[in-house]
Amino acid sequence: VQLVESGGGLVQAGGSLRLSCATSGRTSSTYTMGWFRQAPGKEREFVSVISRTGTTIYYADSVKGRFTTSRDNAKNTLYLQMNSLKPEDTAAYYCAAGSGTVQADWGYDYWGQGTQVTVAS
């Protein structure tokens, strides 16, 4: 399974970005999909997870109400809509594929290469 993120960039605080994660090699509906992020000098942290059918979604408290995760299994694509961005959201964002709605990186078997999000104050 290959995962490729896109959509990162530089945005002003309060702005929005939409990240995408394209899956190839196996249909994405086989996997639970998660988003994680890692800021310089910090541990990688959970952002959100969505179940295979999209009926169950969990968010980290730090992004709840601002970020929305969705998936289009017909397109084998995962999305992360990020609104009201803050400078503390600056990080490399990674998508991952796993087998359960786990809110930790040990629950995922496949990872993308990451896309950088920078929020300027």
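A disulfide is a pair of cysteine sulfur atoms within 2.5 Å. The model used here is predicted: local features need pLDDT of at least 70, side-chain atom pairs count only at pLDDT 80 or more, and totals for chains, interfaces and linings use all residues. Residues are numbered from 1 along each chain as its sequence is written, and side-chain values use heavy atoms, with hydrogens and water left out.

**Exercise 1. Find which cysteines are joined by a disulfide, and describe the link.**

Step 1. Applying the cut-off gives one disulfide. Its partners are cysteine 21 and cysteine 95, with an S to S distance of 2.0 Å.

Step 2. Cysteine 21 belongs to strand S3 (residues 17-24) and cysteine 95 to strand S9 (residues 91-98); the two are 74 residues apart, and the pair links distant parts of the chain. Strands (E, at least two residues) are DSSP runs, numbered from the N terminus.

Step 3. Read the torsion: 60° about the S-S bond, a right-handed link.

Step 4. Check accessibility. Buried means under 20% relative accessible area, exposed over 50%, and partly exposed in between (1.4 Å probe, protein chains only). Cysteine 21 has 0% and is buried; cysteine 95, at 0%, also counts as buried.

**Exercise 2. Classify the ring pair of phenylalanine 36 and phenylalanine 46.**

Step 1. Rings of Phe, Tyr and Trp (its six-membered ring) pair if their centres lie within 6.5 Å; planes under 30 degrees apart count as stacked, over 60 as edge-to-face and the rest as tilted. The structure holds five aromatic pairs.

Step 2. For phenylalanine 36 and phenylalanine 46 the values are 5.8 Å centre to centre and 75° between the planes, an edge-to-face pair.

Step 3. Phenylalanine 36 lies in strand S4 (residues 32-38) and phenylalanine 46 in strand S5 (residues 45-50), so the pair ties together parts ten residues apart in sequence.

Step 4. Phenylalanine 36 is buried at 1% relative accessibility, and phenylalanine 46 is buried at 11%.

**Exercise 3. Describe the surroundings of tryptophan 111.**

Step 1. The ring centres of tyrosine 108 and tryptophan 111 are 6.1 Å apart and their planes stand at 65°, so this pair is edge-to-face.

Step 2. Tyrosine 108 is buried at 5% relative accessible area, whereas tryptophan 111 is partly exposed at 25%.

Step 3. Ring pairs link Phe36, Phe46, Tyr108 and Trp111 into a cluster.

Step 4. A charge sits over a ring if NZ of Lys or CZ of Arg is within 6 Å of the ring centre and within 35 degrees of the ring normal. Arginine 44 lies over the face of tryptophan 111, 3.9 Å from the ring centre.

Definitions and conventions
Helices (H or I, at least four residues) and strands (E, at least two) are DSSP runs, numbered from the N terminus.
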